[in-house]
Amino acid sequence: MVDQADTSLETTEHDITILHIGPTYLSSSNVSSKRRPEFRNAFRKAIDKALDRNVDAVVQTGKLWATRRPSSEDIKTLRSKLEELQKSGIQFIHAGSERDMDMDMDIPDKLERDGLIKRPLNNPAIVGSTAIMTVPPGDSIQIFDNLKVLNDVDADNRVVAGPFSVRPPVTTRPDFNIDEVREATDVEIDTLLLDTTPAQTSEEYTPSNGPDVYVAGPTEAMWRKSKELNYPCTVGLISGSDRRELEIDRDPFAIYYMHCPADVSLGEIKEQINTDDEVRFIRLLGEYNSESVAEERLYQWLESKTEIYKIKDDRDPVSDVDPEDQTNELTVSVKHRYPENEESTQQNLNSNDMSDIDSVEIYVCGQGEGENQSTCQECFTRELFGYPENSDDRDTQPGDILVLYDYGNKNISGTDDKFIYGPFYAESEVEEEIVPEAWDGEFPNQVQVSWDQLYRLSADEAPVRPWGNSVLEEEDAQDLIDTLTERGTKVQVTQNGNVESIEEVDDDEEDRDEEDNNENEPNSPDEKDEPEGIRDIVELREIADPLPHKEVIRQDPNPGAAMIRPAVKGGEPRPEIYDKALVHLVAGKNVIFYGPPGSGKTRIAERLSEALCSDLHVETANAEWTNQDVVGGYRPENNGFTPTPGILTKAAASCVDSLTSTDPPHPQWLLIDELNRANLDEAFGEVFTLLDLSHRENSELEYADGEKQAVPLAFRILGTMNSEDQSQLFALGYAFRRRFAFVEVPPVYQRPESNQPEADIDNVNLDPDYEKSTYIVERAAINDFDHSSPFDADSSLAIPYLEDVFEVDKNVSEVTDKEFQQARQNISPVGSDLSFDRAIHGFVQKLDKENVAAIGQGIVIDAYKYIIVYHMLFPDDADWSTVDQAVVAYILPQIEPYMSELRRSGTVAAESEAEDQFKRVIEYAEKVGFVNTKKKLEQALNTHEIIG
C-alpha cells in the first residue's frame, strides 16, 4: 500500500498501488555516450520510488531498451534494481515496445526466466485482487484474442498496459480506439496504462464510459522537436482511480538556443557557453555556414563540453531574438535552466575531500602483447594520461578525479599483476598531443594529471570491475575511492623504478624529530604533506624491441592462449570455440565449424586463421563442384587444353610457398564456406586420403596426366557448414566425417559449464579385446605426430614454430609421450580416480554392445591426440571436460548413421529397440561424467541429428 505518511492518495480495501514508469531508453543510441549514464540513474531513481513507497507492482510501458544490444553496464543496472524489487516482493511488469520484442540477445527472456520481470501477454499477472495484462505492439487481432482471457479471471480490477501513444491507436489505423477493443473482446477494462513518445501529442484520450487512462513519459529528459522539454520527469503513483505524479530528481542543467549567422566562428560559439552551466542541450538555429563552422570540429568540441547535444539547421528564429540581429551577430538564449534560477554545482575535486564523489574516470595502461615496456611508466614519468585516436571521446575536465587501471603484462596470462592506482586529478581537458612523443604517438588524446598521496590496490580487491568502464558513477565511484584509500597500499613515485620499503622509525625518535621541526619551521597552511608509503614506480626507460611472438608463446603458462590472443583481441564472447579449434588443428585434424545461419562461423574461421597463418585462401562450395574443380585437370585454352590445378591443389602449393618464405615459417590454409553444399565424395574423390597426415609422406595430388603437388604436413582445411538446411544439402559421408573435427558455433553466447563433471565409477570393466587395445591405441596416438616431410620448415603440429616452443629435438613423440602420461595423471572427474583412456574405451564398448555404432581405433586415436594437445597448449585448463570435448568432436559424429534407425523406431509399427539402446548409451555417458556428450545425445533423441 501507499506509504502511510502519504495521505494524498486514498485507497480502498480492494485497491493496490502501482508505480507506472514510461520509456527508460537504456543504452539510448540517439545521445552521446556520456549522457547514457543519466538514463541508468533515472531508472535507478524510479525504482527507488517504488521501494520507498512499498508499492505492490511496477508497470513499465514503452521502450525499456533503446538499442537491440545494450551495454553490459545497462544490463547490470537493470538486473541489480530488479533484484531489489524481487527481494521486496514487488512485481515488475513490462509492456515492451517492438524494439524490446526484437532484441538480438535473449535478455528479456532470461530476465523473465529468472523471475525478475513479467510479460503477461497471454495470461494476466495477479496482484492482490487486480489482474494486469500487457498487449503486444502491432497486430490488433492478437490483442483481441489475448484480452479475452480477462473474462475468465476473478478480479475486482482489470488493468491493461501497452506501448501505445496517447490516443491510443493500438494499430496504425487512426480511427481505431479502445472502445473497439472492448467491443471486440467484451472485456471491461478499469485502467489503461500507456506510453507516450516525443513525436506524439499530449492530448488526452477518454473513451466513452471507458477506463481511467494514464500516460507516463520517459524517465529521463529527451529532446523534443515540436514542444518544450518535459522536465522535471515524473513517474505515476496509482491507487484505485487516483494518480499522483512523483518527480525524479535531477542535477541542474541548462538548454541553450543559439542563432548563428553565416560568418560565426567556432571561438565565438565557445565563448557564449557559461562555464557555470551544466549544458545538456544545445540547439543551433539560423543559416550558419557549415564551411565556416567546421561541423566535425564543432561536434568534437560540443561532445567534450556537453553531456548530450542536438544540432538542428533550423531556419525558424528563436522567439526572443530580435529579427534585425539575426544576420548580424551570434545571439544566445538560455531558453531553459533547470531547476529555475539555480546554478549548477561543481565538485571541488582538488580539495582532497573524498567523502562525496559523483564520478571517477578510469584510464588504462599496461604491457601489450609483444611489448617489453608498460605504458604505465610514461603515465607517471610525464604526469600524463592518454588513449588511442579511435577510442570513444572523453569529457575529462580540470579537477576531475581519475584512477589508472594497470592491466599488467598481456604476454603472460594467469599472473596477479593487475592494479589500480589513484586518486589522480585532471589538470587539463583532453587535448591532442600535449606531449607528441609520448607512447610513440599511439595515444594522441592526452590529459595532464597530478596527485598528492597515491594508493595501489589489487584489481581483484576492487568493489567494481575497473575494466570495461570509462566512467564510474555515484555509489560505484565512491566505493572504488573508499576501497582504494582504505585498503590500498600507499606508494610514492620515484625516479629509479625500484620498490623500496619505508624504514621503520622509532616512535620516540619520530616524536623528537617532529618537535624539532615544529620549533624550527613555521606552519604553512598551503604546504602539502609529503606522500607516504612504498617507493614504487617508475622512471621512463628506453623502449626495448618487442619479444618475438614465438618467445611470448613459450613464456605463457598456457601457450594456446597466447596463440589465439590476436584472434580474440577486441572482444570475443566465445573464446572457447577458438581454443577447441586450435587444439584440433595442432592435433592434425581439419576443422568444420557448424551452426545456424548468422552464428559467426566464417568470421571465427577467418579470425583464427589470421592469428595462425600467413594468409587464407577462401572458396564457397556449390553443388556443381567436380573433381576437376577441386583437384585439377585440363581446361580449354585458345586452341588446346592446359593443365590447370584445382582449388585444393592451388591452396597446397600456396602453403608450400608460405612455409618457405616466412620467418618464422607460417602455413597458408584453405577455407571452404558452406561446405555441405557440394557433393564432397564426388568432388574430392580419392584425394580424401591426403587429408590424413599419415598419407602425405608418400602421396601427392595428381592431375592432368602427371602434374603433381605435394601437400605439406602443416596444411589444413577449414570448413563452415549450415546446420539448419542440412536435410536439403548433400549428406556428409563417413570418409569425410572421419577426417574432420566438428566444432559447434551456437547462435548466441552460451556460458561454458563452470562445475566440474562428476563420475559415478572409479574404473571401467573392459572386455579382453578392448583391454588389449588400450595400450595399442595409446602408443599409436603418441607416435602419430611423427611424420617426415620433403619441406624443411614443415611440421605435423600445423604451426612449425611450435616445435621450438615445446623444444622438440628429433621426434614430436618425445614431447607427446610425456604429455600423455601427465594428462592421464592430472585429468580425472571430481570424486573419482577414473582415467580418461579407460572412460573413452568404456564408452566405445558401450556403443558397440548396444549396436549403436562400431567405432574404429583410428577415431579413438584422434580423441587421444586431442587430449594430448589440449594438455600441451592449455595445461592450466585441461580437466575432465576436455575428455568430454574429445568424445563430442570425434566419436559422436560417427553415430550419425544410427539416426535413421531412431527415426524408423518412432514411425514404423514393427518392434525396434533402437530408442531403448540409445537411452542406455545416454545413461552410460552420465555415469562416466561426459556432461556435454549426454546433452548432445539427449538432443539427438528428439531431433534425430547429431550434427545439427
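Trainee: Which residue has its charged end over the ring of Phe785?
Mentor: Bear in mind that this is a predicted model. A charge counts as over a ring if NZ of Lys or CZ of Arg is within 6 Å of the ring centre and within 35 degrees of the ring normal. Here the charged end sits 4.9 Å from the centre of the Phe785 ring, and the residue is Lys865.

Trainee: Which residue has its charged end over the ring of Phe419?
Mentor: The charged end in question is 5.3 Å from the ring centre. It belongs to Arg456.

Trainee: How many aromatic pairs does a search of the whole structure find?
Mentor: Rings pair if their centres lie within 6.5 Å. Searching the whole structure on that basis gives 19.

Trainee: Are the planes of Tyr363 and Tyr387 stacked, edge-to-face or tilted?
Mentor: Their ring centres are 6.3 Å apart. Planes under 30 degrees apart count as stacked and over 60 as edge-to-face. These planes are at 50°, so the pair is tilted.

Trainee: How many residues apart in sequence are the parts this pair ties together?
Mentor: Tyr363 lies in strand E14 and Tyr387 in strand E15. The pair therefore links parts separated in sequence by 24 residues.

Trainee: Is Tyr363 buried or exposed?
Mentor: Buried means under 20% relative accessible area. Tyr363 has 1%, so Tyr363 is buried.

How values were computed
Residues are numbered from 1 along each chain as its sequence is written. This is a predicted model: local features need pLDDT of at least 70, side-chain atom pairs count only at pLDDT 80 or more; totals for chains, interfaces and linings use all residues. Side-chain values use heavy atoms; hydrogens and water are left out. Rings of Phe, Tyr and Trp (its six-membered ring) pair if their centres lie within 6.5 Å; planes under 30 degrees apart count as stacked, over 60 as edge-to-face and the rest as tilted. Helices (H or I, at least four residues) and strands (E, at least two) are DSSP runs, numbered from the N terminus. Buried means under 20% relative accessible area, exposed over 50%, partly exposed in between (1.4 Å probe, protein chains only).
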